[in-house]
Amino acid sequence: MTNATPGFGLDNLPYGVFARNGEPPRTGVRFGDHVLDLAAALGDEVFAAGSLNPFMARGRAFWDDTRGRVRDLLATGEDRHLIPLHQVTLLLPVEVADYVDFYCSLEHASNVGQIFRPDQEPLKPNWRHLPVGYHGRAGTVVVSGTPVTRPSGQRRPGDVGPTAKLDIEAEVGYVVGTPSAFGSPAGAFADHVFGVTLLNDWSARDIQAWEYVPLGPFLGKSFATSISPWVTPLAALAAARVPGREQDPQPVDYLRRSEPWGLDLALVVELNGEPVARPPYREMYWTPDQMLAHMTVNGASLRTGDLFASGTVSGPEFGQRGSLLELTWNGTDPIKLPSGETRAFLEDGDTVTITATAPGADGGRITLGEVSGTILPARDAR
Ligand SMILES: O=C(O)/C=C/C(=O)CC(=O)CC(=O)O
Ligand SMILES: [Ca+2]
Ligand SMILES: [Mg+2]
């Protein structure tokens with residue numbers, strides 16, 4: 001069995017859910033251009049479900065054991081249960097329980113602060129003391145490839161209509177496998193978090209700017225959030241782990257880092273097939289272990305399938321900004337695409353694809369799947 005697609009070798013092995021020829025969905029592992037049918041290969045019914053949730057609920061020891069068995073199987077050249085990717089449909093991998101989105105990039109938060117509050121300090125006083133977040137809408141998390149209809153809403157006082165500022169946010173999402181008890185803070189990051197997925201938090205900037213004071217994002221972001229069909233297990237990211245950016249001031253006790261959970265992920269954002277940004281995740285201010293600790297410090301419990309995201313990944317350079325809001329400075333300075341076209345915000349028919357790579361265990365790089373979506377015209381405009 002050849003492994004034609006780079007980045008999907010034995011050091012990666014992400015999990016997804018696939019369906020073939022109208023058959024019931026099953027859990028698969030991506031290997032090159034194929035998907036390994038886990039229920040058939042390992043003979044466990046937990047892999048014959050329509051989502052990764054029953055598998056994820058079994059916990060860390062079972063995840064590690066499964067990964068070991070899959071590696072052994074594939075390393076010996078066993079290919080009876082490998083199905084070519086083009087024969088399957090990839091489905092939403094996780095039945096999303098709760099969805100939380102953070103705001104962890106110092107550069108993104110500084111840029112957005114300058115754009116939305118030009119007369120104030122870009123960072124609010126709380127920003128360096130806790131990872132700011134909000135609860136999103138779990139039921140509108142969709143799998144890569146799902147078209148996104150341009151949402152309508154209140155753009156300004158008395159002005160209802162399709163958003164004129166449809167945007168993307170290139171983010172990294174974390175999927176919770178093991179729940180935590182109601183009333184107690186969660187335990188160690190790696191005991192709860194199953195893996196990582198790429199995420200695009202589609203945003204309607206005009207609707208957002210008018211509605212979100214003082215309670216936070218609502219309809220401007222709840223119409224759709226897209227994720228990759230592949231969830232990369234934490235075990236595949238061992239070589240990508242970095243300490244995380246130095247923090248000043250020192251965070252309070254419950255937010256202290258005890259292990260390196262920064263990740264050296266290199267994201268690429270493409271608009272209609274042309275790269276427009278390369279956001280680096282490595283230097284994010286708040287790391288995902290801190291996000292998890294913050295989310296549960298009040299005793300709020302985790303459920304299998306919870307999804308929490310990093311917030312827009314932006315780096316210090318212009319070409320590292322993970323949203324059009326920043327790349328075009330709220331539409332005032334449109335970007336020029338290599339094709340010669342310009343964009344302030346997304347137009348109908350535009351396709352945005354986010355990919356990422358990371359250092360793999362064998363000295364090469366692994367690929368984190370992709371999250372893609374195409375904009376359909378607003379309902380009234382069709
Ligand atoms: O600072 C503001 O006024 C606005 C912030 C956002 O748009 C938050 C957001 O989407 C979080 C993120 O993805 O980083
Ligand atoms: Ca966001
Ligand atoms: Mg969203």
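Student: Which domains does the domain assignment of the protein chain give?

Tutor: This is a predicted model, in which local features need pLDDT of at least 70 and side-chain atom pairs count only at pLDDT 80 or more, while totals for chains, interfaces and linings use all residues. Residues are numbered from 1 along each chain as its sequence is written, and chains are lettered from A and ligands numbered from 1 in the order in which they are written. Domain bounds come from an automatic or database domain assignment. The assignment gives domain 1 (15-91) and domain 2 (99-381).

Student: Which element supplies the largest share of the side of domain 1 that touches domain 2?

Tutor: The contact (C-beta atoms, placed from the backbone, within 7 Å) takes 14 residues from domain 1 and 13 residues from domain 2. On the domain 1 side, β1 (15-19), α2 (53-57), α3 (60-75) and β5 (89-91) each supply at least two residues; helices (H or I, at least four residues) and strands (E, at least two) are DSSP runs, numbered from the N terminus. The largest share, 4 residues, comes from α3.

Student: Is Q208 buried or exposed?

Tutor: Q208 lies in helix α6 (residues 205-211). A residue is buried if 20 or more other C-beta atoms, placed from the backbone, lie within 10 Å of its own, exposed if 12 or fewer, and partly exposed in between. Because Q208 has 21 C-beta neighbours inside 10 Å, Q208 counts as buried.

Student: Where is T312 found?

Tutor: T312 is buried, with 28 other C-beta atoms within 10 Å. T312 is found in the loop between β22 (307-309) and α9 (324-327).

Technical notes:
Contact = placed C-beta atoms within 7 Å.
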